[in-house]
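Hi there,

Here is the structure I promised to pass on to you. Please have a look at it first, and then read on for my notes.

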Amino acid sequence: MHKQTGQRQQRVDASLVVRVLVASIVALFVLIPLVSTAINGFKTNGQLMLDPFGLPNPFISSNYGGILSSPSFWRQMGNSVVVTVATVVVTVLVSSMAAFVLARYSFAGSRLTYNFFILGMLFPLTVATLPLYILLRQLGLIDSLWGVILPQAAFGLPMNILILRDYFRAIPVELEEAAAIDGCTALGFYWRVLTPLSRPALAAVSMLAMVSSWNGFLLPLLVLNDDRLWTLPLGVMQFQGQYSTNLALVMASSRSPCCRQSSSTCSLSAT
């Protein structure tokens with residue numbers, strides 16, 4: 001008996017070692033590009049071209065210093081934070097309420113409504129660029145952060161509803177019946193019972209919405225003409241010129257993360 005227990009423990013230990021080893025290798029592959037980009041931010045363009053994988057010699061701190069001291073950096077950081085937070089709140093709130101109705105109630109056209117939402121996954125933003133721009137212009141949302149927030153939330157609804165609907169359906173109906181007996185309304189059940197029980201799913205869709213919004217480039221480029229409203233991805237684009245690109249500043253700005261910086265604030269020349 002003790003021998004079998006020892007063998008089982010050894011197998012568990014070996015399995016744990018294998019999982020840790022695999023996780024470490026995956027983490028290494030993820031961290032290497034991030035660390036390399038951060039280190040290359042301390043180089044000049046000349047150093048980056050001559051030795052892209054070596055250490056900076058010497059270290060150039062003016063890339064990071066100039067970016068972090070730029071007023072445009074903090075302005076665009078604030079714009080990105082506002083857009084991301086608002087997108088996450090709108091997306092999670094609307095998708096969770098829609099998923100709640102589609103998961104817990106059966107009505108005429110419920111399946112059709114669900115399929116209508118899922119069809120939204122077949123239409124990427126690039127396909128809807130022209131009609132979306134015309135619609136936003138008619139609504140007066142060009143050069144407005146809401147012109148970025150609302151479309152981002154709308155394009156995030158199909159995936160979030162797909163995830164949340166299945167999660168909500170897995171919650172026992174007996175909980176809803178018990179809440180109804182205690183006098184809880186449908187909205188009360190959604191807010192007081194369903195939402196706390198669905199925190200893992202809500203956290204997952206929140207992360208999806210946050211990453212998609214924070215890295216969004218095409219929609220802000222389409223909507224925001226005023227550079228005072230630019231987000232961080234648009235700021236990084238500022239380092240690309242017609243004939244050359246300041247790769248060292250791009251590396252530094254990608255790790256800050258950073259946005260647009262005026263030439264008067266920080267100007268580096270290739271050596």
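This is a predicted model: local features need pLDDT of at least 70, side-chain atom pairs count only at pLDDT 80 or more; totals for chains, interfaces and linings use all residues.

**Salt bridges**

Three salt bridges turn up in the structure. As background, side chains of opposite charge can pair when their charged atoms come close.

One of them joins Glu176 and Arg104, whose side chains meet at 3.2 Å, N to O. Glu176 belongs to helix H8 (residues 173–181) and Arg104 to helix H4, so this pair ties together parts that are 72 residues apart in sequence. Are these two partners buried or exposed? Glu176 is buried, at a relative accessible area of 17%, and Arg104 is buried too, at 14%. The cut-off for calling a residue buried is under 20% relative accessible area.

Another salt bridge links the side chains of Arg165 and Asp166, at 3.8 Å from N to O. Here Arg165 counts as buried, with 8% relative accessibility, while Asp166 counts as partly exposed, with 44%.

Then there is the salt bridge between Arg228 and Asp226, with 2.8 Å from N to O. Arg228 is exposed, and its relative accessible area is 55%.

**Helix H10**

Helix H10 covers residues 199–214, which makes 16 residues. From the first C-alpha to the last, H10 reaches 22 Å, close to the 22 Å expected at 1.5 Å a residue. Which of its residues are buried? In H10 they are Ala201, Leu202, Val205, Ala209 and Ser213. Looking down the axis of H10, you will find these buried residues within an arc of 100°, so they line one face of the helix.

What do the buried residues of H10 pack against? Their partners are helix H4 (71–104), helix H7 (146–169) and helix H9 (186–197). On the face of H10 turned away from the buried side sit the exposed residues Arg199 and Pro200.

**A nonpolar surface patch**

Finally, have a look at the surface around Leu31. A nonpolar patch there is formed by Val18, Val22, Val26, Val30, Leu31, Leu34 and Val35, and together they have about 580 Å² of accessible area. Leu31 is found in helix H1 (residues 2–40) and is partly exposed, with a relative accessible area of 47%.

Best wishes

Technical notes
Residues are numbered from 1 along each chain as its sequence is written. Side-chain values use heavy atoms; hydrogens and water are left out. Patches are made of residues with over 30% relative accessible area and no salt bridge: like charges are joined within 9 Å, nonpolar side chains (Val, Leu, Ile, Met, Phe, Trp, Tyr) within 5 Å. Accessible areas come from the Shrake-Rupley method with a 1.4 Å probe; for residues, only the protein chains shown count as cover. A salt bridge is a side-chain nitrogen of Lys or Arg within 4 Å of a carboxyl oxygen of Asp or Glu. Helices (H or I, at least four residues) and strands (E, at least two) are DSSP runs, numbered from the N terminus. Buried means under 20% relative accessible area, exposed over 50%, partly exposed in between (1.4 Å probe, protein chains only). The expected span of a helix is 1.5 Å times one less than its number of residues. The arc is that of the directions from the helix axis to the C-beta atoms. Contact means heavy atoms within 4.5 Å.
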